[in-house]
Amino acid sequence: MINGRQLYLAQRLSAVLLVPLVLIHLALIIIAVRNGLSAAEILGRTRGSLLWGVFYTLFVLAVAVHVPLGVRNVMTEWTRLQPRVVDAFCLLFCLLLLIAGMRAVFAVV
Amino acid sequence: MTSKTSDTVQPDRSQHDHVHAQPGQAQPGDRLEVSIWRGKRDGGFKQYAVELRENQTVLDIVTEVQRQHEPSLAYRFACRVGVCGSCAMTVNGAPRWTCRTHVNQVIAGNQLTIEPLRHLPVIKDLVCDLAPFFEKWQKAGGTFKPTKSRLDKPEPIDPQSPARKTANAAIECINCAVCYSACDVVGWNNDYVGPAALNRLWTLANDKRHADREQVTDLAFQEGGCASCHSHGNCTRHCPVELSPSQSIAALKKSAIFGLPDVE
Amino acid sequence: MNPLHCHRSYLAFLGHRISGLLLALFLPVHFLLLGTAFSGDAALDNALALTDYWPVKVAEWGLVVLLATHMLFGLRILALEFTDWPSMHDNRTGWILPAAAAALFVGFIFWLQV
């Protein structure tokens, strides 16, 4: 079983990892929208690129850890749902982000 | 030392300083409209008119209402001088020691609202049951366990050692539950043990005489422990003795990665 | 005005939490949209055509600001939890306004480019 300390560490360490990833992502967004978004431009950058493949895989993994744990805190505090229900929901949300995220990575790389 | 700029979680010094009425505010002799909570949690406010005096605490107001208007009003106090912590109530929305809160500091116009502390069962009117507060204090692991018996020599503690200084910075808590009442997370999460309990745990983490020091990090991260804190800072803003439970909790969180500090 | 909620570190908490929630809602949509590239460039271009509508552009601007806000307020939390405090009452509220301004600045740059 995962204990509270491990969950806390998972959330904070994924946050530390996300800081540089988000900075690069923000910079890239601003550069990418300059001439409007097009599939050719996005895919031209990412297709066949090991570097972007690794970057977005890391991004998806960090997000799939960080986001459901944050949502778990919010649901614990701001809803009256049972802890078991909250945990089940957040586990499913984690899986959704992992699957949809990795599918997106494979689609663009 | 702390430079007290506006960028810090400033303790609310109005509890400590005597400040005169601001221009435009009610003056001595004016009628104050005082709303006081009556009944249990499902009770309601009742209005009383009380004369504003030159030098008057919120506790004085409550006492005047009980003696002259509402003999059945229940409230709690003992020392009247900021030592015991038993007169804590919610005054115009914030938890305070009423004996150390001058009326001029908190009135909005001529309005004063006095309620029981938040997040605790109300026994009657302004009196709360503090049992849940102390139960959580126990659950958090706040009980000191000695390494020696009365037959041993006392452990020598250097007052200048970093660990002792750290413990001393957080040790003056008298468990008045003002921080517990100020904290939103306590209201949102029934498991959360609250700022005072975690602040206490942090003092034990820095006490080399504590037998269960090795367990402190595990206790800190149990369900409802330090990871539930979101650094709102309301505990520290309202602590009447100017402790910083926020900092103590942050230090416990830090131990998840770096371990507990050395106490030798 | 509730005195427990009208101060910077509480507002920073709210900003962090609400930006996080909205980003969490957006993420699955973001991933599904990019996933359309499996069906070729045309499918992705089809999905990207949405971004020509101005309400979508405003939403994109909002997401950029939310992402920057969440990251910058999050940096303050990491600093509070993993570094020593300058003093026992200094919970780095001084970082909050600059962080919010920086997030809006990122949004401003985005708006100039889009």
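This is a predicted model: local features need pLDDT of at least 70, side-chain atom pairs count only at pLDDT 80 or more; totals for chains, interfaces and linings use all residues.

Residues are numbered from 1 along each chain as its sequence is written, and chains are lettered from A and ligands numbered from 1 in the order in which they are written.

**Exercise 1. Describe the build of chain A.**

Step 1: Begin with the elements. Chain A has four helices and zero strands; helices (H or I, at least four residues) and strands (E, at least two) are DSSP runs, numbered from the N terminus. Along the sequence this gives the pattern α-α-α-α.

Step 2: Turn to the dimensions. The C-alpha trace of chain A spans about 45 × 25 × 20 Å along its principal axes. Its radius of gyration is 16 Å, whereas a compact globule of 109 residues would have one near 13 Å. The radius is taken over C-alpha atoms, and the globule rule is 2.2 Å times the number of residues to the power 0.38.

Step 3: Check the burial. Of the 109 residues in chain A, 26% count as buried, that is, with 20 or more other C-beta atoms within 10 Å of their own, C-beta atoms being placed from the backbone.

**Exercise 2. Find what chain A touches, and with which elements.**

Step 1: Take chain C. Here 28 residues from chain A meet 30 residues from chain C; two residues are in contact if their C-beta atoms, placed from the backbone, lie within 7 Å. On the chain A side, helices H1 (4-32), H2 (39-46), H3 (50-78) and H4 (83-108) each give two or more residues. That side divides into 22 nonpolar, three polar and three charged residues.

Step 2: Take chain B. Eight residues of chain A are in contact with ten residues of chain B. On the chain B side, helix H6 (184-188) and helix H10 (245-258) each supply at least two residues.

**Exercise 3. Work out how strand S5 of chain B is paired.**

Step 1: Look at S1. Strand S1 (residues 31-38) and strand S5 (residues 111-115) of chain B run parallel, with four bridges; strands pair if DSSP finds at least two bridges between them. Glu33(B) stands opposite Gln111(B) in S5(B).

Step 2: Look at S3. Strand S3 (residues 88-91) of chain B pairs with S5(B) in the antiparallel sense over two bridges. Thr90(B) stands opposite Glu115(B) in S5(B).

Note on methods:
Ala, Val, Leu, Ile, Met, Phe, Trp, Tyr, Cys and Pro count as nonpolar, Asp, Glu, Lys and Arg as charged, and the others, Gly among them, as polar. A residue is buried if 20 or more other C-beta atoms lie within 10 Å of its own, exposed if 12 or fewer, and partly exposed in between; C-beta atoms are placed from the backbone.
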